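I set out to look up a few places in this structure and to note what I found at each. The entries below follow the order in which I went through them.

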Amino acid sequence: MATEPFPQRLPTLDRLGVTDPSNVSSSEVATEWLSAFSAAITQNNTAAVAGLFLENGFWKDVVALTWDLRTFEGRKDIKRLLDARLTATGLHDLCLLQEPLKEPVLQKVDHDLVWLRFCFGFATKHGKGTRSFISFPFQIQSGRPTCGFTFLHEHLLTMGKLGPLRNSEAEHGGWEEKRQQETDFSNGDPTVIVIGAGHTGLETAARLKYIGVPTLVIEKKPRVGDSWRDRYKTLCLHDTIWYSQTPYLNFPSTWPIHTPAAKLADWLEGYASFLELNVWTSSTITKTSWNDSTKTWTVEVNHGGKGTRTLTVKHLVFATGSGGHPTVPDIPGKASFKGSAVHSSEFKSAANHIGKKAIVVGCCNSAHDIAQDFCSHGVDVTMYQRSSTFVVSVESIVAMLGAVYNDDFPTELADTYTTSLPWVVVRGLHQRMVRMVAKTADKAILDGLANVGFETNLGAHEAGLFALYLERGGGYYIDTGASKSIIDGHIKVKSGSAIESFTENGLRFADGTELQADIIVFATGYGDTRDFMREVCGDEVASKITRVWGLDEEGQTAGVWRYCGHDGLWFANGNLALSRFHSLHLALQIKAIEEGILNKADVVI
């Protein structure tokens with residue numbers, strides 16, 4: 001059995017020894033606690049601040065105090081954070097926010113789990129924090145609130161070229177020439193090069209541009225959005241439109257709830273144009289070198305048909321996707337196979353294989369999408385399941401996300417609420433939710449799959465999809481219809497025996513059986529996210545990079561959106577929601593370095 005990495009338990013009423021707190025005034029409790037917190041901050045009394053937390057409480061920081069993504073557990077570590085960074089950052093001007101959706105509110109999360117959520121504004125030496133909130137279970141003792149698990153999420157915003165600060169000058173005939181010069185970097189080199197013009201690369205470039213950091217995006221494909229456009233034809237986002245909004249430019253109200261990949265590709269092409277992002281398509285980086293004295297990169301770029309440019313930049317951001325090179329298992333006898341064997345990244349459409357037999361190796365999102373495509377085209381298809389899969393219906397995902405990601409809830413505030421809790425608590429909540437959904441809304445699907453031999457699980461430590469995504473980047477299927485095809489026998493399932501070899505007509509298994517196929521699609525994932533970085537920067541640089549993706553000991557994503565082990569080198573990676581949220585935090589770190597505010601050696605906790 002795997003070692004439990006986060007053994008902490010949820011702060012239930014019973015565990016805290018708290019009776020039903022429903023008769024208290026949320027506003028009074030929030031005001032009293034924030035007053036005590038603010039007074040201790042003003043007096044620089046770090047012991048008093050830490051004392052407002054339970055012994056095993058949390059302080060989660062996003063950029064504001066640490067210029068990093070950190071979670072501190074317990075009074076001792078919270079005091080250590082404040083001793084190191086309170087004076088340096090000058091946290092002040094804390095004020096309770098009372099506007100709708102931010103006002104103090106008592107929330108009953110479950111029958112035994114209640115907390116008070118409230119938002120407050122603050123300032124530091126380097127900017128103003130907004131949409132920050134704290135939430136905690138509490139008890140009333142002698143008329144005073146005693147803080148339980150407390151989660152402080154800080155969101156430091158630099159004044160960008162937005163709203164009232166947007167460009168106010170009228171352009172009379174010079175806009176096109178100006179844009180061309182900016183895109184070509186005719187008058188100087190960019191400060192940042194972002195590699196990859198997918199959604200993450202573009203969102204990062206947009207964040208940087210509008211806080212005044214000159215940025216160039218390098219994309220090897222001919223058009224922006226081709227990373228989505230070139231995938232299999234039936235690819236569609238399983239997440240909702242509200243969860244997948246893009247910074248500065250929201251999808252219109254006519255947009256479908258689930259976005260087809262080709263439609264998203266066109267959106268991203270328009271996004272780059274409308275936000276005036278500087279993108280060189282059909283371009284590749286052919287050589288890089290790092291100067292540790294000047295903290296700069298020399299980068300040689302093959303600019304499509306426009307020759308080679310050598311640029312000197314301060315930062316490289318790798319936004320090359322959620323994995324490295326396509327991974328295909330090494331199976332003996334491939335040369336003898338008379339059919340076609342491809343990775344899912346090469347597969348386009350089942351329409352080209354009507355009347356034939358297919359095997360899909362793998363059983364997560366892409367595998368199910370491709371198997372369903374074969375099924376819809378009348379192809380005889382078998383899915384080979386190598387290990388059990390977490391399966392959740394798309395209806396359940398929509399219901400879970402819909403609590404805060406909807407037409408009536410601001411996306412920025414939804415992001416703040418969903419990312420403010422430490423991973424320990426998020427995972428505990430998901431464990432409860434996953435078990436409940438499996439026993440209710442998705443029970444028929446899961447029972448049906450079990451009856452036909454398709455093996456399911458509840459995710460790592462029974463915490464479902466989000467834990468699988470953050471810890472390993474896969475291992476799940478959001479069911480959009482393929483599960484019914486499996487249950488009904490239209491998609492056959494093979495499991496319980498390892499692949500032994502290719503044959504002339506398919507695959508042979510260790511149990512002696514053979515499956516015939518004209519095409520075999522390996523939906524077997526991708527390699528290490530650092531693969532492309534190693535090709536661009538070389539082994540010496542790559543040897544300094546820490547783990548990229550997965551969760552560190554604090555429950556924060558390792559090496560992504562934050563320092564990864566090498567100065568001037570960053571990884572940006574995630575679905576549209578994570579990229580929307582954390583692209584700002586990456587941009588702020590780069591901006592702070594360029595402004596001389598952030599020297600990593602000075603931020604030691």
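**Entry 1: His566**

I looked up His566 and found that, leaving aside its neighbours within four places in sequence, His566 is in contact (heavy atoms within 4.5 Å) with Trp290, Trp297, Val541, Lys544 and Ile545. I note that the model is predicted, that local features need pLDDT of at least 70 and side-chain atom pairs pLDDT 80 or more, and that totals for chains, interfaces and linings use all residues. Residues are numbered from 1 along each chain as its sequence is written, and side-chain values use heavy atoms, with hydrogens and water left out.

I placed His566 in the loop between α17 (539-542) and β28 (569-571); helices (H or I, at least four residues) and strands (E, at least two) are DSSP runs, numbered from the N terminus. His566 has a relative accessible area of 4% and is therefore buried. Buried means under 20% relative accessible area, exposed over 50%, and partly exposed in between, with a 1.4 Å probe and protein chains only.

**Entry 2: Ser393**

I then turned to Ser393, which lies in strand β20. Ser393 counts as buried, at 4% relative accessibility. Not counting residues up to four places away in sequence, I found that Ser393 touches Asp442, Ile445, Ile478 and Asp479.

**Entry 3: helices α12 and α14**

I looked up how helix α12 (residues 423-439) meets helix α14 (residues 464-472): their axes come within 8 Å and cross at roughly 140°. That makes α12 oblique to α14. Axes are lines fitted to C-alpha atoms, for helices over the stretch in contact, and angles run from 0 to 180 degrees between N-to-C directions. Angles under 35 degrees count as roughly parallel, over 145 as roughly antiparallel, 65 to 115 as roughly perpendicular and the rest as oblique.

On the α12 side I listed Trp423, Val426, His430 and Val434, which meet Gly464, Phe466, Ala467, Leu470 and Glu471 in α14. By class, this contact has six nonpolar, two polar and one charged residues. Ala, Val, Leu, Ile, Met, Phe, Trp, Tyr, Cys and Pro count as nonpolar, Asp, Glu, Lys and Arg as charged, and the others, Gly among them, as polar.

The buried residues of α14 include Leu465, Leu468 and Tyr469. I found that the buried residues of α14 pack against β20 (389-393), α10 (394-401), α12, β22 (476-479) and α18 (576-594). Gly473 follows α14 and has a positive phi, near 80°.

**Entry 4: helix α11**

Is helix α11 enclosed or open? Seven of the nine residues of α11 (residues 411-419) are buried, so the helix is largely enclosed by the rest of the structure. Among them are Leu413, Asp415 and Tyr417.

**Entry 5: the cavity**

I searched the whole structure and found one cavity of 30 Å³ or more. On a 1 Å grid over the protein atoms alone, a cavity is a set of points where a 1.4 Å probe fits but cannot get out, and lining residues have an atom within 4 Å of a point. The largest cavity holds about 280 Å³ of space, the volume being the space filled by probe spheres set on the grid points, which are joined across faces, edges and corners.

Of the 22 residues that line the largest cavity, Lys60, Leu470, Gln556, Thr557 and His582 are the closest to its centre. α18 gives the most to this lining, with three residues. By class, I noted 13 nonpolar, eight polar and one charged residues in the lining of the largest cavity.

Note on methods: On a 1 Å grid over the protein atoms alone, a cavity is a set of points where a 1.4 Å probe fits but cannot get out, and a pocket is an open set with protein on both sides within 12 Å along at least five of seven lines; lining residues have an atom within 4 Å of a point.
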